[in-house]
Amino acid sequence: MSNPSLLILPGDGIGPEVMAEVRKIIDWFGAKRGIAFDVSEDLVGGSAYDKHGTPLHDDTMAKAQEVDAVLLGAVGGPKYDVLDFSVKPERGLLRLRKEMDLYANLRPAQCFDALADFSSLKKDVVAGLDIMIVRELTSGIYFGEPRGIIEEGNERVGINTQRYTESEIDRVARSAFELAMKRGKKLCSMEKANVMESGILWREVVTEVGKEYPEVELSHMYADAGAMQLCRAPKQFDVIVTDNLFGDLLSDAAAMLTGSLGMLPSASLGKPMANGRPKALYEPVHGSAPDIAGQGKANPCACILSFAMALRYSFDMGAEADRLEAAVEKVLADGVRTADLLNEEGRTPASTTEMGDAVVAALDASL
Ligand code: NAD
């Protein structure tokens, strides 16, 4: 059998810096666990624009469609702000998501005990938090037609349309139920069925799909109430499934429960390929952080944890994903901190490479 294949797209700003640390982890799995990946690397975002005049070359897009998983660093930067909208670095990322048809965005919100003080909520509310938000990513109000700004009488009107087909709801619901089966077997679906027809349909379809997953305890919540519950008692949730707009807001709110942007991974999954694995793109939630790029200050953990998600969801290596997540947890418990994880004056932060090396050492210690 051939090795699992991985396309690495480091991107811009801190993207290449954090990806270099992931490379060490990938090498570690090859050397110490006998797990070899066929890794290829290419350009995306501003770095692709600089070379090809486009933020994603067609050849790179074709490669992304062939591999088992894509791991992306970050795109963007002030240098590219003046570019036309059609060639901005973010368009490269959006093209990947669109053409790979990645409809389920997985955003874990996990609070490592060692970082519980970093949350804006009380420590006992967030310590041990481990929830997963599944956001529909390719439909809903960000894509619905009609849209635009039109003239009506003597004023302008801004229009966007919330639109969901049954099949779009069905497939993302299935992704969420499958995840719930692998986790705590609890799924909460969030919409606004009290005021939106698309919410009524959402609730009906999720309920229908739920009949195929009798082991999963399904509940429904209005998204505004869900936002309140996420701040009040987030540990009541296991998996949450919601639409594109509500998911955008709820996943950002949930992410901040856990402290730093430098710790947050994500995955975007699509239809299963011929080999049964879903099309998949893994990336840290953070951007290219131009304010700290090139200074060795970036926290590589979000990108490392994104690779852990790839091990779990693309390569069926759940035990190795556990090993990597535990290594990150150990490093934090040992007090290793990049600058974003330090609020004490006078302590010298670990650099990006020191953090990566510490994770590799913790992996060694796990053997
Ligand atoms: P950002 O996430 O890049 O940075 C926000 C703040 O968090 C900054 O102060 C930054 O230093 C800090 N930060 C982010 N990641 C960090 C890490 N790993 N370690 C330590 N600190 C970290 O968001 P922004 O400043 O709004 O955007 C900067 C650029 O990134 C823009 O061009 C934006 O369009 C782009 N962006 C890209 C993505 C992506 O590639 N998925 C996502 C968001 C923003």
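Trainee: What should I keep in mind about the model before reading any values?

Mentor: The model is predicted, so local features need pLDDT of at least 70 and side-chain atom pairs count only at pLDDT 80 or more, while totals for chains, interfaces and linings use all residues. Residues are numbered from 1 along each chain as its sequence is written, and side-chain values use heavy atoms, with hydrogens and water left out.

Trainee: How many residues surround the ligand, and which are the closest?

Mentor: A residue is near a molecule if one of its heavy atoms lies within 4 Å of it. Here 21 residues surround the ligand, the closest being Glu90, Gly287, Ala289, Asp291 and Asn299. The shell divides into 10 nonpolar, 7 polar and 4 charged residues, where Ala, Val, Leu, Ile, Met, Phe, Trp, Tyr, Cys and Pro count as nonpolar, Asp, Glu, Lys and Arg as charged, and the others, Gly among them, as polar.

Trainee: Which atom of the ligand lies 2.8 Å from aspartate 291?

Mentor: A polar contact is a pair of N or O atoms within 3.5 Å. An oxygen atom of the ligand lies 2.8 Å from a polar side-chain atom of aspartate 291, whereas a polar backbone atom of asparagine 299 is 2.9 Å from a nitrogen atom of the ligand. For histidine 286, a polar side-chain atom lies 3.3 Å from a ligand nitrogen atom. Taken alone the ligand exposes 810 Å², of which the protein buries 67%, with accessible areas from the Shrake-Rupley method and a 1.4 Å probe.

Trainee: At what angle do helix H1 and helix H10 pack?

Mentor: Two packed helices are described by the angle between their axes and the distance between the axes. Axes are lines fitted to C-alpha atoms, for helices over the stretch in contact, and angles run from 0 to 180 degrees between N-to-C directions; helices (H or I, at least four residues) and strands (E, at least two) are DSSP runs, numbered from the N terminus. Helix H1 (residues 15–33) and helix H10 (residues 301–313) pack at about 40°, with their axes 8 Å apart. That makes H1 oblique to H10, since angles under 35 degrees count as roughly parallel, over 145 as roughly antiparallel, 65 to 115 as roughly perpendicular and the rest as oblique.

Trainee: Which backbone features deserve a look?

Mentor: The peptide bond from glutamate 145 to proline 146 is cis, with omega near 0°, and proline 146 is found in strand S6 (residues 144–152). Aspartate 101, in the loop between helix H4 (89–99) and strand S4 (104–110), has phi near 50°, a positive value in a residue other than glycine.

Terms used
A polar contact is a pair of N or O atoms within 3.5 Å; within protein, one must be able to donate a hydrogen and the other to accept it, and residues adjacent in sequence count only if both atoms are side-chain atoms.
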